[in-house]
Amino acid sequence: MSANILESDSLHEECGVIGVYRESMDAATSVYYGLYALQHRGQESSGIAANNGGSISLRKKLGLVSEVFHGSHTLSGLNGNIAIGHVRYSTAGEGDVRAAQPLVARCKLGDVSLAHNGNLVNSESIQDMLSDSGVIFQTTSDSESILNLICQHGNTRGIEAGIHAAMGLMKGAYVLIITVGDQLIGVRDPYGFHPLCIGKLSDGWVLASESCALEALDAEFVRDVTPGEIVIINKDGLRSIEPAHWCRKSLCVFELVYFARPDSVVDGVSVYDFRRRCGALLAKQSGVEADMVMAVPDSGIPAAIGYAETSGIPYGEGLIKNKYIGRTFIQPTQEMREDAVRIKLSTIRQNIEGKRLVVVDDSIVRGTTCRRIVGHLRDAGAKEVHVCSASPAVRYSCYFGIDTPYREKLIAVQKEHDEIREYLGADTLTYLSMENLASVCEGRDCYCKACFDGNYPMEVPATARPSGFVKEGR
Ligand code: SF4
């Protein structure tokens, strides 16, 4: 069991992707730096594929970027003016290097490499279709099916036709970075569930899941890739292919609530500002009297600051996060798992003792970690603990690339509001209301909020399973 148990009360992003096109032959080095900036989107595996005149070399392994690429020798074989990279959050049973990305295939188009973020809702039917045509799979991942689809349909008609054909068949969430021949290609699904932005380097281009990766490369932000758009970069510059399919923007609101780094700007929205505004509205909703507002670090911090600014209650630190717990943290017994929260988050007793606390977290999924935190705060002498979630109650599973449990495991499905408060051991419990979330979204109907309200932007087939659920065979 890994340190991920510590995160088991949060939803998980499944991937971060990046592609770099340069005049020089060291595009892989830029991708390496960019992957560091995207590490929060996935910590189980890391990989880079470099394209040198159509010939692709690859390094990928289980581990953090710093573990997979340690020392310059680990980048030395990755030559080429185009490179793509991937970080992945994998679920139990999928911690297999074969599922790590980028994927590389050889077909009539030549060497093709692909990095994917997202989840298809019709993956079973696509895998069946490909299997019927003789395709043999090495993994259960959607990404392998996507690469096969593109190669199969592009073999005789070219890469653009292959991507168009695949987009016509795929349903669900996908951001793709592809390299083949002398091209770097970015694709965003017609709903735009997950972000993809374009940056300009002095001698080339960057495509990345988040703008924080552009900062890391000193690239100038150009714009976001629009839903359904394909962008193709080669020696002639950047060319956009307008969506060939019907589009309805449905950006995953959890990108803003939790996943994206606070210094990123996603589809024109500052992640930090979004969270701060959620906190401000939460303060108006909650209205409790308290001595200090504190965050569950790190994702709760901007909302806690917004809460403190609006309520006038001072902001302070009550929990310190240990940033040095690695992936291999072993927790063999239930008792040790209980201790894990104490090891990851320790209390600052002198800030807590005798105080009435407002504790702001980004969300509550299963409630297990939140419950332990409330217990630790009480052990440290807190007089009152008022729990505030800077997003509404999570009531539905995600099918679009965010690792969520089955509905039955969600605490807001299992229990009524007051039962949840009691389970957490809190004096009061406030969730950001759907109305206030909508107002932070500025009323724009361009977000998926389905894990809160169950209104999935597309039909989810009965055979689809929540993202992250490991399929048992085919
Ligand atoms: S269901 Fe929730 S987590 Fe999934 S894409 Fe929609 S908002 Fe994001």
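In this predicted model, A49 stands opposite I84 in strand β5. Strand β3, residues 45-52, is joined to β5 by seven bridges, and the two run antiparallel.

What covers the two faces of β5? In a regular strand the side chains alternate between the two faces of the sheet. On one side of β5 are I82, I84, H86 and R88, on the other are A83, G85 and V87, and all of these are buried, so both faces are covered. A residue counts as buried when 20 or more other C-beta atoms lie within 10 Å of its own.

Because 12 of its 13 residues are buried, α5 is largely enclosed by the rest of the structure. Among the buried residues are D142, I146, L149 and H153. The buried residues of α5 pack against the strands β6 (103-107), β7 (110-120) and β8 (172-180), and against the helices α4 (123-132) and α6 (159-169).

Helix α6 contains E160. E160 and I230 are 70 residues apart in sequence, yet their C-alpha atoms are 8.9 Å apart in space.

Next comes the ligand. The residues around it include F193, F254, F400 and K449. Helices α8 (253-259) and α17 (450-453) each supply at least two residues of this shell. By class, the shell has 10 nonpolar residues, no polar ones and one charged one.

Finally, consider the whole chain, which has 17 helices and 25 strands. Its radius of gyration is 22 Å, close to the 23 Å that the globule rule gives for 474 residues, so the chain is as compact as a globular protein of that length. Along its principal axes the C-alpha trace spans about 70 × 45 × 45 Å. Buried residues make up 54% of the chain. Among contacts between residues at least 6 apart in sequence, 73% join residues at least 24 apart.

Terms used:
Residues are numbered from 1 along each chain as its sequence is written. This is a predicted model: local features need pLDDT of at least 70, side-chain atom pairs count only at pLDDT 80 or more; totals for chains, interfaces and linings use all residues. Helices (H or I, at least four residues) and strands (E, at least two) are DSSP runs, numbered from the N terminus. Two residues are in contact if their C-beta atoms, placed from the backbone, lie within 7 Å. The radius of gyration is taken over C-alpha atoms; the globule rule is 2.2 Å times the number of residues to the power 0.38. A residue is near a molecule or strand if its C-beta atom, placed from the backbone, lies within 6 Å of it. Ala, Val, Leu, Ile, Met, Phe, Trp, Tyr, Cys and Pro count as nonpolar, Asp, Glu, Lys and Arg as charged, and the others, Gly among them, as polar. Two strands pair if DSSP finds at least two bridges between them.
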